[in-house]
Amino acid sequence: MAASGTAAPRCLVQYVVVRSDLVHTLSWPLGAVISQACHAATAAIHLNYNDPDTQEYLAELDSMHKVVLQALDQASLSSLSETLTEKGVAHKLWVEQPENVPTCLALKPYPKDTVHPLLRKFKLFK
């Protein structure tokens, strides 16, 4: 039991948004799509490595929290990326090369309540 006055750790979460049409319409192998999400998540962490939230998130390796959401297509993913950029939300839009195809994006770790409102319309990836 925590000592009185000890604050509970903040709920930091890394959101990853993946295009669901890659699997359901374009018939990409599931492993390839999972790789895209891994690339985006790793890149977002790398680009924001010195950020205090990222450091706190990495300090608790066994309790990292990720949420994987789905964007219906490239247009909805690109629109989300533009919105996040306008709102100053740090993220990495992963563009698969050499095809130059945006496949997913990942935010740096944030307190859930900070970014969840911007992602509310996206459902869990299925």
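**A buried glutamine and its surroundings**

Reply: Gln14 is buried, with a relative accessible area of 0%, where buried means under 20% relative accessible area, exposed means over 50% and partly exposed lies in between (1.4 Å probe, protein chains only). This is a predicted model, in which local features need pLDDT of at least 70 and side-chain atom pairs count only at pLDDT 80 or more, while totals for chains, interfaces and linings use all residues. Residues are numbered from 1 along each chain as its sequence is written, and side-chain values use heavy atoms, with hydrogens and water left out.

Gln14 belongs to strand 1, which covers residues 12–19; helices (H or I, at least four residues) and strands (E, at least two) are DSSP runs, numbered from the N terminus. A polar atom of the Gln14 side chain lies 3.0 Å from the backbone oxygen of Leu107. Beyond the neighbours within four places in sequence, the residues in contact with Gln14 (heavy atoms within 4.5 Å) include Ala41, Ala44, Ile45, Tyr57, His65 and Leu107.

Three of these, Ala41, Ala44 and Ile45, are among the buried residues of helix 2. Helix 2 runs over residues 30–47 and reaches 26 Å from its first C-alpha to its last, close to the 26 Å expected at 1.5 Å a residue, the expected span being 1.5 Å times one less than the number of residues. Its buried residues pack against several elements, including strand 1, helix 3 (52–59) and strand 4 (101–107).

Leu107, for its part, is one of the residues that touch the most other members of the largest nonpolar core, which has 16 residues; such a core is a set of buried Ala, Val, Leu, Ile, Met, Phe, Trp, Tyr and Cys residues joined through side-chain atoms within 4.5 Å. Strand 1, strand 2 (66–71), helix 4 (74–86), strand 4 and helix 5 (112–119) each give two or more residues to this core. A second, separate core of 10 residues includes Ala44, which is also in contact with Gln14. In soluble globular proteins, nonpolar side chains tend to be buried together.

Strand 1 ends at residue 19, and Arg19 forms a salt bridge with Asp21, the closest N and O atoms being 2.9 Å apart; a salt bridge is a side-chain nitrogen of Lys or Arg within 4 Å of a carboxyl oxygen of Asp or Glu. Arg19 counts as buried at 4% relative accessibility, and Asp21 is buried as well, with a relative accessible area of 12%.

How values were computed: A polar contact is a pair of N or O atoms within 3.5 Å; within protein, one must be able to donate a hydrogen and the other to accept it, and residues adjacent in sequence count only if both atoms are side-chain atoms.
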